Amino acid sequence: MTMHNHHDAPAHAGQDSHAAYGEHGAHACCAHSSTPATGAAPDPSGTIYTCPMHPQIRQVGPGHCPICGMALEPVLPTTDEDDSDLRALSRRFFICLALTLPVFAVAMGPHLFGWHLSSRWDRITAWSEALLATVVVLWGGAAFFARGWRSLKPWSPNMYTLIALGTGVAWLYSAIAFAVPGVFPAAFRDAHGDVAVYFEAAAVIVTLVLLGDFLELRARRRTGAALKALLGLAPKTARRIEPDGNEHDVPLAEAHVGDVLRVRPGEKVPTDGVVLEGTSYIDESMLTGEPMPVEKSIGDKLAGGTINQEGALTMRAERVGGETLLAQIVALVAQAQRSKAPLQRVADRVAAWFVPAVVAVAALAFVAWAAFGPDPTFAHALIAAVSVLIIACPCALGLATPISIMVATARGAQAGVLFRDATAIEALRDIDTLVVDKTGTLTEGRPALKTVHALGGFDETRALALAAALEKPSEHPLARAIVAGAQVRGIAIPAVGDFQSLTGRGVRGRVDGHDVALGNAKLMDEVGAGVDSAAREHADALRGDGATAMFVAVDGVLAALIAVADRIKPSTPGAIRGLHAAGLHIVMLTGDNATTAQAVARELGIDEVRADVSPADKAAAVVQLKREGRRVAMAGDGVNDAPALAAADVGIAMGSGTDVAMESAQVTLVKGELTAILRARALSQATVRNIRENLFFAFVYNAIGVPIAAGVLYPAFGIVLSPMIAALAMSLSSVSVVTNALRLRKAGV
């Protein structure tokens with residue numbers, strides 16, 4: 001039986017349909033070019049397109065990759081879905097199918113069903129078969145020949161090289177045999193003296209390749225569905241409050257930083273900003289993956305695209321357009337989808353010699369059949385060579401890794417986990433040690449006033465008022481906690497003069513005619529307010545409970561002990577238990593004092609604690625752990641964590657932290673909770689497993705398919721693989737790889 005392999009062709013052909021099926025005619029330019037290749041019409045919007053398998057290929061406007069022939073795709077997706085390429089490919093396939101069916105019936109009817117026409121119809125059916133097959137091959141398969149030819153210019157042979165060579169040889173041989181059969185010697189003739197033609201094989205191959213292209217393109221569209229859904233979350237308009245108090249809706253593109261916007265119950269938050277008035281609950285599940293709504297009040301931050309559930313809010317826009325969190329998430333996911341995982345190196349190495357090797361195998365198969373095959377020897381040799389060329393198309397091999405990465409990054413975005421690149425996805429799976437910062441990572445990062453203990457007969461309220469006056473000029477989290485604590489208690493905060501910030505000790509100044517100092521025991525000694533043993537023991541006890549304790553002195557006399565505590569996030573204990581269950585060794589690195597750090601570590605069951613460390617010390621600790629042979633992930637949220645995040649095998653930034661931390665990390669947790677690390681690791685494991693399944697299938701498929709197509713089973717079993725069957729197998733292999741990758745959309749993360 002005669003068979004074709006189009007398995008790899010569909011994948012690329014489907015993706016290449018923009019350029020291949022008459023919608024656009026250009027191919028991709030060189031890696032660093034910013035202009036379209038000759039003949040390409042730039043996209044009106046100036047959209048940059050890139051190759052899913054070769055991200056170094058970039059150009060303005062659609063086209064196809066000069067390396068693999070795959071259709072270029074926008075670097076950043078849009079909500080405007082253009083199905084013109086899919087419709088064009090569908091039309092081409094169905095037209096070719098309608099033309100191929102009669103060709104197949106005429107050619108195979110006598111063999112399969114015993115159909116025989118009278119001799120007067122033989123010439124008519126022969127001409128019909130030749131003409132219909134020619135239309136299918138030269139019109140339906142025109143894109144394959146164009147891409148196969150272009151692959152030779154940079155000498156980057158790909159699946160289209162094989163398809164063009166296989167179908168071209170089958171059709172050209174058949175055309176010559178039909179037109180001038182007398183030029184063929186006896187070795188090409190059957191027992192009746194006729195020269196066989198294989199128009200049906202060429203036509204069926206092209207039609208099956210088009211079918212595979214169509215199925216794969218449609219499947220690939222589903223890989224970007226999650227990302228397009230995120231883009232669609234942004235509202236189209238914003239309700240702006242003008243300075244005169246009038247309100248009206250404006251297109252979202254006209255919203256600017258500083259605008260005051262109204263968000264009514266049930267509406268989407270238009271852009272990133274901060275609450276000016278009102279209280280409500282916001283559904284942030286589209287960003288964080290967490291179903292519980294979050295309470296928002298004056299001063300809290302809002303993210304564009306989230307949903308206001310109950311109360312009315314007035315907000316000030318702080319980030320708009322491409323600067324919003326939603327836009328950054330989409331950009332980060334799109335960037336990750338175009339990156340290459342280390343596992344892809346295996347496929348790249350194979351691809352470098354695969355096509356030349358297949359051509360060599362096809363040539364050897366032709367020679368072997370011509371020398372040792374049954375009559376007509378050269379006809380059998382041609383069938384074997386074409387079958388090898390078709391079945392060996394390397395599309396499944398090329399798609400195995402990129403398609404899994406695309407689905408995984410989109411799934412991660414839905415779960416509040418953003419991967420910077422494919423390397424991070426693969427590396428996270430092998431992590432055995434997790435290094436965490438304390439403040440903002442294990443804790444909420446928002447210290448609150450815990451207690452005020454008056455000393456020496458001072459009034460507690462007065463001591464807090466003086467301390468708050470000193471701390472009001474400061475932006476330090478501990479200072480803000482003291483000021484907020486005084487405000488909550490309704491205490492009037494006086495003005496401060498002669499303010500001094502004393503590094504490593506505290507602050508001092510003049511308040512209501514008194515010299516006031518706030519800080520550690522060393523500062524108390526400097527101002528003459530000695531700290532007795534009872535006060536020290538009390539402070540140590542507070543630190544043992546995880547609080548930060550500070551002394552207050554007024555006119556050189558110890559006046560109070562103030563404690564500020566940063567509460568542990570409610571999700572942290574469960575996350576630590578889950579991380580331990582996953583086999584991770586957890587190390588806490590913090591700039592806080594050892595007593596407070598040990599208290600937090602005891603409560604959470606953390607394996608190892610290093611306190612009083614500087615940013616450089618944190619990075620050095622990560623490097624030391626790596627030298628010990630550990631695979632280290634570092635989770636942090638502050639500027640001081642950036643060096644350690646960069647030094648780790650995988651840096652994990654808490655989304656609630658600073659931009660510097662997120663820029664230094666390979667993974668960002670949108671909600672900023674450690675539970676998301678469990679989700680990220682589970683997704684990493686599922687993705688690597690999926691990639692390996694795809695690569696295994698692609699390698700096994702070719703390892704089995706190529707020898708069978710070459711005829712290795714013929715001596716023992718009399719089995720010959722037809723080019724048509726080879727084409728069907730090739731198409732189904734690429735579709736199966738895409739389908740397997742799509743299972744990651746339901747990964748339990």
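**Reading the folds of a predicted chain**

Q: What should I keep in mind about the model and its numbering?
A: This is a predicted model, in which local features need pLDDT of at least 70 and side-chain atom pairs count only at pLDDT 80 or more, while totals for chains, interfaces and linings use all residues. Residues are numbered from 1 along each chain as its sequence is written, and side-chain values use heavy atoms, with hydrogens and water left out.

Q: How many helices and strands does the protein chain have, and what share of its residues is buried?
A: There are 27 helices and 26 strands in the protein chain. Of its 749 residues, 54% count as buried. Buried means under 20% relative accessible area, exposed means over 50%, and partly exposed is in between (1.4 Å probe, protein chains only). Contacts are heavy atoms within 4.5 Å. Among contacts in the protein chain with a separation of 6 or more, 70% join residues 24 or more positions apart.

Q: How do I read a sheet, and in what order do the seven strands of the open sheet stand?
A: Strands of a sheet pair through backbone hydrogen bonds, either parallel or antiparallel. Two strands pair here if DSSP finds at least two bridges between them. The order is S14-S26-S25-S24-S15-S22-S23, with mixed pairing. Strand S14 (417-419) and strand S23 (608-610) are the edges, each pairing on one side only. Neighbouring strands of this sheet are turned by 20° against each other on average, direction ignored.

Q: In which sense do S22 and S23 pair, and which residue of S23 stands opposite leucine 589?
A: Strand S22 (residues 585-589) pairs with S23 in the parallel sense, over three bridges. Arginine 610 in S23 stands opposite leucine 589.

Q: How do I describe two packed helices, and at what angle do the axes of H16 and H17 cross?
A: Two packed helices are described by the angle between their axes and the distance between the axes. The axes of helix H16 (residues 460-471) and helix H17 (residues 477-488) come within 9 Å and cross at roughly 135°. That makes H16 oblique to H17. Angles under 35 degrees count as roughly parallel, over 145 as roughly antiparallel, 65 to 115 as roughly perpendicular and the rest as oblique.

Q: Which residues make the contact between H16 and H17?
A: H16 gives Leu464, Ala467, Ala468 and Glu471, and H17 gives Ala479, Ile482, Val483 and Ala486. By class, that is seven nonpolar, no polar and one charged residues. Ala, Val, Leu, Ile, Met, Phe, Trp, Tyr, Cys and Pro count as nonpolar, Asp, Glu, Lys and Arg as charged, and the others, Gly among them, as polar.

Q: How are H12 and H25 arranged?
A: The axes of helix H12 (residues 377-391) and H25 come within 8 Å and cross at roughly 165°. H12 is therefore roughly antiparallel to H25. Ala384, Ser387, Val388 and Ile391 in H12 meet Tyr701, Asn702, Gly705, Val706, Ala709 and Ala710 in H25. The classes here are seven nonpolar, three polar and no charged residues.

Q: Is threonine 167 buried or exposed, and which residues is threonine 167 in contact with?
A: Threonine 167, in helix H6 (residues 159-179), is buried at 0% relative accessibility. Leaving aside neighbours within four places in sequence, threonine 167 is in contact with Phe145, Ala202, Ile205, Val206 and Ile390.

Q: What is phi of aspartate 512, and what is phi of aspartate 555?
A: Phi of aspartate 512 is near 50°, a positive value in a residue other than glycine. Aspartate 512 lies in the loop between strand S18 (506-511) and strand S19 (514-519), and is partly exposed at 46% relative accessible area. For aspartate 555, phi is near 55°, again positive in a residue other than glycine. The loop of aspartate 555 is between strand S20 (547-554) and strand S21 (557-565). Aspartate 555 is partly exposed at 41% relative accessibility.

Technical notes
Helices (H or I, at least four residues) and strands (E, at least two) are DSSP runs, numbered from the N terminus. Axes are lines fitted to C-alpha atoms, for helices over the stretch in contact, and angles run from 0 to 180 degrees between N-to-C directions.
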